[in-house]
Each structure stands twice: as C-alpha cells, then as structure tokens.
Amino acid sequence: MAYKYRLSKEQKRKLIVKDFKKNWAIYLIVLPIIIYYLMFEYIPMYGVQIAFQDYRPALGFGKNWVGFKHFERFFTSPYFWRLFKNAFLINWFELIFSFPVPIIIALLFNELKSKTFKNVANTFIYLPHFITMVVVCSMVKEFVSADGFIGQMVASVTGVEKSLLLQSQYFRTVYIASGVWQGAGWGSIIYVAALQGVDTQLYDAASVDGAGRWQQMWHVTLPAIAPTIILKFILELGSMFSTGSQKILLLYNEAIYDTADVIGTYVHRYGMQSGQYSYSTAVGLFSNLINVSMFISANQISKKVANISLW
Amino acid sequence: MKSWKKIVAIAAAASMMSALLVGCADDTTTNQPSGSGESQSGEETPDDTSSAEVEEFTYPMKDAQSFRVLGMCVTGVKPYYGESNMNLSEYTKEAERLTGIDIQVEHLPVTDKTNFNLAITNGNYADAIEGLVSGNYTGGVAQAAADGIIIPLEDLIEKYMPNLTALMEEYPTIRAQITMDDGHIYGIPGINLSKDEEGHATNGLIIRTDWLEECGLEMPKTIDDLYKVLVAFKEKYGASIVSQTNLVTQGTLVNAFCPNVSAGFGLDESGNAYSLYISDGYRELLSTVNKWYEEGLIHADFLNFKVADVRKKTLAGEVGVLWGMGGSTMNTMLQEATAAGVEIKVEAVPPLAKDASSPILNNNNGEYIKATPNLFITNLCDEKKYESICRYYDFMFTEEGIRLGNYGIEGVSYYINADGLETFTELMLHNEDGFTTVQMMGVYCRNHSSGFVGIQEYNYLRNYYMANPAASRASDIWSDVPATSAPNIPVSFTNYYTTAEAEEVALIKTDIDTEFTSKRADFIYGKLDVDDDAVWADYVNTLKGMKIDRYTEIVNNALDKKAQVLKDQYGIVE
C-alpha cells in the first residue's frame, strides 16, 4: 500500500537488502522468536500424523496407518457431546462474566485522579496473576471444601455440607470466579495501555460540548478501546471449545465429570494417563479444527460488521 | 546512540537464544553419565571372556562389565542426599561392593508414562529397565516384547541365575506368574514370599480404640456392628469415617460385600471372573455407603482426600474410623502424633462380615506368593554385559542379597536379635536427624518399594512398623481370615492377555473407568438412587454398551489359559 507504483523484482530485492542492512539489529531480536515458533509450534505438527496411525513409541512415526479409526471412535464415544457441551458452557459463561471485568476495571482506573493510588491499586490487583496455578488451585480447594470458609458459607444457605468441588452444579461458578480473581487485574493491562493512547483533547472537547463524566466515558473512552475489545473477543471465540485444561485438571474429580470434563482433560486422561497417544491426538486435532473454524468465522463476521479484523 | 541500541539488541537476542537452547543443553548433560559409562566399561573389558565360565561362580564377580539401568528412585533418597539419584544410596554402593559389579542407575526426569515413552522413542534407554515397563509401556510387557524392546531371558536365567532357578523349582508358581502368553520370560521377578501363617494385607480399616472403650463398645465384627459404632462416635464426638477413594475400591469394606476382588474383578463360586463394577455385591456396598453419607457418618469430601488429609483430620479428633495403609497412614500418623504430643490410640479392624449370618470373606491382596516381572534387559544391551546383569540380580536371591534388600547393612541399619530375626537399629527407627523410618529404608534397603528384584520378606514389615506396636500388629489383624476362605483372583492373569487382547482392554478400560468412577460418586452422594432398579439397570446398560462383558470375557480367557499352563507345565491346580 505504501508504494503506488509496482516494483521490479530487482528493486524489491535491493529494498529488502537495504532494509536489512539498516535494521539488522531489530531482525536479530525477532530471530529467537521465529526459531521458538519453528521449534516448538511448527516442527511438532509433524507428529499430528499419529492421529491416523496406531502409534507405538518403539516403532516410531509413519507405521500402522489406520485412516480415520480414532476419529470414528471419538464420534461414537458416549462422552462426545458431553465434552463439547461442557467446554462450550464454561467458555460461554466465561465470555459473559469474566470477559467484561478487565474492561470495567480499566475504565474505573481511568477515572481515578490520584496517580499514587492508581499505581498502588494497579499493582495489587496484578498480584494474584503471579501465583502459580497449582497454588491457586489448592487454595481454591481448601476454601470451598466442607470445612473451608466459602464452603461453609454456601452450606449455611443450601444446607449441604460438602465441598463445592464435589457438587457438579457449582463447578463452573468456582472455576470462573477464581479465574476472575486471578486474572482480571492482569487482563486489564491491555485496556489500560490502550487508554493511555487516547488524545486528551477529545475529553476537553467533549466537556466543552457539555458532556458529563458518564457521557465522556461512553462516547470518548469506549470507542477508543473498542478495537482492542473486539480483537480480544475474536481471540476468545477462537478458543470456544478449548479451555485451559491445566486448571480443570487441578480442580476436578470423578464426582463432577459431568460438568467439568472437557476435551483437554479427556485428552489428558486417555493420552497421558492411559497412553492412548493416537486416539488422544485425534481428539485434540479434531477440537483444534473446530477452534480454527470458529476463529476464522468470528474474524470474518467482525470484518463485515465492524470493519475490524486480525487480517 | 545507535550503536548503543545495537549492543542492547545483540545482548537481548543472545540471552533469548541461550534461553531457547537450555532444552538442548539439558539433553547433553543427561547424556553424559551414559557416555562415561560406556567408556568405563570399555576400559574394563577383559582380555579373554572365556575365563568367566570356569568352575563355581563366587561373588564378587571377576571381570565384571559395568551396565546402565533405567530405574526408579526410592522414597527417602531425595530428602537424604538432596537429589533423586539411586547411585548415591548406601544400598546401591553395598550391592556394588558385594557383587563386584558396577551399576549405573539412570532416572527419568519424572517417572510417568510420557517420560518413559519419550525415552523409548528417543532410543535413550539403558541396558536394562527396572520396574517401569509393565505400568508405563502402552500395551504392557507383551507389547514391549512384540516391539522388540526387551529380550527373552529364560536361557540367561538358566545359565547365569542359579539362585533364582532354584527358587523357581521350589515354588513353580513363580515361574508360572512371570511367564508370558508367548511362553517366554521377559522379566526377572521381585517376589513377595509370605507364607500362609504370615500377614500379607497391607491396608484396611483403622479404629480409635480409646473411643471404643469410652463408649463401652466392642471391636466391630460385622458391617452392622460398624454402623452402630459409627452412630455412637457421631453422637459423642461428632466424628465420622474419613478415607480416600480407596475405601470403596479395596480392603475391608469391599471384601465384606464382594468376595475375592482384585483390580476390578472377582471370582464367583464356580471360579469364573465377574466384574465388580456391575455386581450385586457392589451395589449393596454403594447403598450402604450412601446411607452412611445421608446420616453424616462418612466425611462428605472423602472422594477428594489425600492421605495427608486423612492423617490430619484423624489427629484433629474429627475421625473415629478411617481407611488406610499400615505404613503411610497408620505408622506415619502415629509418628506424627508422638511428635505433636497428641494422645491417640488406634488399632486395625479385623476383616468384617456383611452381617452376623455371613462368613468372613477373604481380605488379602492377590496371591500368597506374588512374583512381579521387574527387571528387563533391553535390545540395546551388549551381549557381553548379559552375564554381569544376571549375576548382579541373581545376587538379590542369595541370603546375603535378601538381607541387603530387606534390611540394609548389618551392624549399621540392622542387627540380628535374640530370636535370630533381623531387626532395625535406632538409626532406622528413631533417626537423630529426623528422617522417618521409610525414608531411612530408602537409603539402606530396596525391597519395600516397587520395581525391586529379589525377595520381600514379611519380617521387613514388622521392622518397618516396629516403632508403633499398633501398626506392627495391623497386617496380622487385617490378614486374619479363616483358612476356608477362597483365594483372590490372581493378579498375574494379565500376563496371559495376547497383545491384541491387551490393546482391546486398554481401550475398554479407560471408558469404563470414567463412567464407573463418576457414577459411583453419584450413587454415594445420592444424586442417583442406587436402590432404584431402573436407575441401576440404566447404569449397567451404559457399561455394557462400553463392552464390559467383552472385558470380562478376556479376563476369563486369560484365567483359563493360566490354569491350563499351570496344570500342563507344572502340575499345579489352584
């Protein structure tokens, strides 16, 4: 777009060489990241082939081709729909409840006048993010157990003295609420950063036009961070069927499989625990295919409706 | 200014690159010991190998080849030496000294399926593998043999392992238990050799006897008795049963309702295997536990507990009856109680009958003589090393070796008492540096932990629990069943799966276990009514849809095949 005229191949090459000579330091910085992605994200894709084989570690890749056997087994599995339903519901409620929280936090911080207070408060709400997931989950388990303070609070209302993590109807609440506690502060950083870029003249102009604080927020602040919100939203939609299974693995137990078991945990049980590598790869691959298609359609829709997209 | 930026950029890039390369660097360091092992063995290569077969063999072995073994690390080594490395342990050093054979133990970063299979895929496994194969190799030992990872050993055993051979002649069932479906032996066994009169149950129910006395109640003999005790404890102390999931998977309670169960299967009167999951006995058990839950007699979170929670709650006085292991629950708990100054009296509960008219059913775990194939020689191993490996492990079947494996070093970790029995010293029982008995056993012994080779003597258990009389009695009490009780389903039947059957079982089992464990929780917590016939039929049909009948059929085939082999080859009728 920068050049209105077409360049010959030779000219292009020269430009690239020139650019490289000038900015080689920046290219150097990018290099490790490219290598990282090649090594850990692209080269391993070679192993996806085991979804179509009866893979055995001793024999290596490329043997025992079985076509779609493992996919068929998954499609006819009694857990097929449950896994999708659970993943979808967890993500859906996450979208409703935890997605807006960082935005609200960022907007509130934006309204604060005292800079010191803003910085201190900011730091405090980031802190939970730095606690390891394992520790967070053991804390959650303690708190919601029959003897824990949250568990007892709930028990005093419902009369059921049992860990919330043994009652499947509460799993999503526990999962999402603890997620908000841990992640909302950290998640707000991106919006806070976006708000730094808003031209203060816009606020001045708005107040001259007679807009109050509320109207300023509505008509100046929000539109300014709208692209960021939509981009985040697209990314969230892209992972609609894949949930952070690490946290669920740490929290769930057999009594709540009916709401807590998602594809990630299923893959873990079948792949890591019982060593059915091919089958679990097939399941994982299938869910990734769905995620990619969700992601692309969300992007297309946003492009059409709001003219904002990732590409 | 610009050059400054460049320097920063180079530095940043370099540091990121180095971070990236850490993974690779790690690989090379882990490879080092193996490399040095090879070179060492190279130096020690004797000029003539023929001299090895001259006359009577004696330890220490001459011209021994050093070999590498991929093994497990026993509990206690890490806290004592600060790293998980079996080469440091007194046991390994003493074994090397006595046999004259240099062994290098290598460990997986984490002992699990993934790391084990990664090692196999990389071809990065040692001359021999200790323990890990049966549980971690997809498809088990039979599959590993079919894939050519491990080699048949019967000829080597014949040639280089006179002590094991003699033992197998004395107890033919050992050979039967470690022989696979294809007729080969792939694993040198670890043998649990408890004679009939000795205890062999390692877990069961434990009860607060001080409370029993205060309530004026007797030690329960039936499930109904236990119920009365639980009600009394609940009223007087607000206490309940506490346990891990194991309460409903093994030991006293399960045995009261379902005879002769092990690994999800039991034997009926005609000797056929039946699935525990859909049996009427198990339904009764679930119904009983559900009743206890409804009445608050069992801790609501019990499916979520770890053994440490169980000990903590018991010491806090919230528990009257618990399920546990003699060692990690009872013994450790009593040691903790002494340390914390908590006054507590507990005793093992003898096997319970379902009601006054029912007989007491078996309460042991599997066969009286249990041989587990534990040491495998891999296809990577140089033929020159075969003899050294066999001699090293055959030593574990000599009297000296059995003592070492069970009790450690005489005069240091044990002495012979007046009755002629090996007895742990104070170093093991009341360690000055605060190490627990089991941790010290990790330093000096081997045979208490899975993956061992040799013979596990019952006397080691007595020693293990010796600091606590109640714990040391436990195993005897739990094993106290009438001689008439039928034997459990033998654990080693899985050796008799064909590779195709083993694969099929792996597929069926994961589905079934998921369904069973989650429905079990629903039944216990009353979310589903276990007493409702329609609900139960629905559950059974779901499991049947997951081919539980086929699974049972495979198990029965394996049992038949095993009985046939025992009868034809060894003349044993079990």
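Let me start with a definition: axes are lines fitted to C-alpha atoms, for helices over the stretch in contact, and angles run from 0 to 180 degrees between N-to-C directions. Helices (H or I, at least four residues) and strands (E, at least two) are DSSP runs, numbered from the N terminus.

A word on where this comes from. This is a predicted model, in which local features need pLDDT of at least 70 and side-chain atom pairs count only at pLDDT 80 or more, while totals for chains, interfaces and linings use all residues. Residues are numbered from 1 along each chain as its sequence is written, chains are lettered from A and ligands numbered from 1 in the order in which they are written, and side-chain values use heavy atoms, leaving out hydrogens and water.

Now, please find helix 13 of chain B, residues 280-294. Is helix 13 mostly enclosed or open? Of its 15 residues, 11 are buried (under 20% relative accessible area, with a 1.4 Å probe and protein chains only; exposed is over 50%, partly exposed in between), so helix 13 of chain B is largely enclosed by the rest of the structure. Among the buried ones are B:Tyr282, B:Leu286 and B:Trp292. The buried residues pack against several elements of chain B, including helix 11 (223-237) and helix 22 (499-524).

How do helix 11 and helix 13 of chain B pack? Their angle is about 10 degrees and their axes are 12 Å apart. Helix 11 and helix 13 of chain B are therefore roughly parallel, a term for angles under 35 degrees. In this contact (heavy atoms within 4.5 Å), helix 11 of chain B brings B:Ile223, B:Leu226, B:Tyr227 and B:Leu230, and helix 13 of chain B brings B:Thr288, B:Lys291 and B:Trp292.

Next, the sheet. Six strands of chain B form an open sheet in the order 2-1-3-12-4-15, with mixed pairing; two strands pair if DSSP finds at least two bridges between them. Strand 2 (103-107) and strand 15 (454-456) of chain B are the edges, each pairing on one side only. Strand 4 (residues 187-193) pairs with strand 15 of chain B in the parallel sense, over three bridges, and B:Ile191 stands opposite B:Ile455.

Most residues other than glycine have a negative phi, and most peptide bonds are trans. Yet a cis peptide bond joins B:Tyr59 and B:Pro60, with omega about -5 degrees. B:Asp63 has a positive phi of about 50 degrees and, at 43% relative accessibility, counts as partly exposed.

Terms used
Expected span 1.5 Å × (residues − 1). Parallel < 35°, antiparallel > 145°, perpendicular 65-115°, else oblique.
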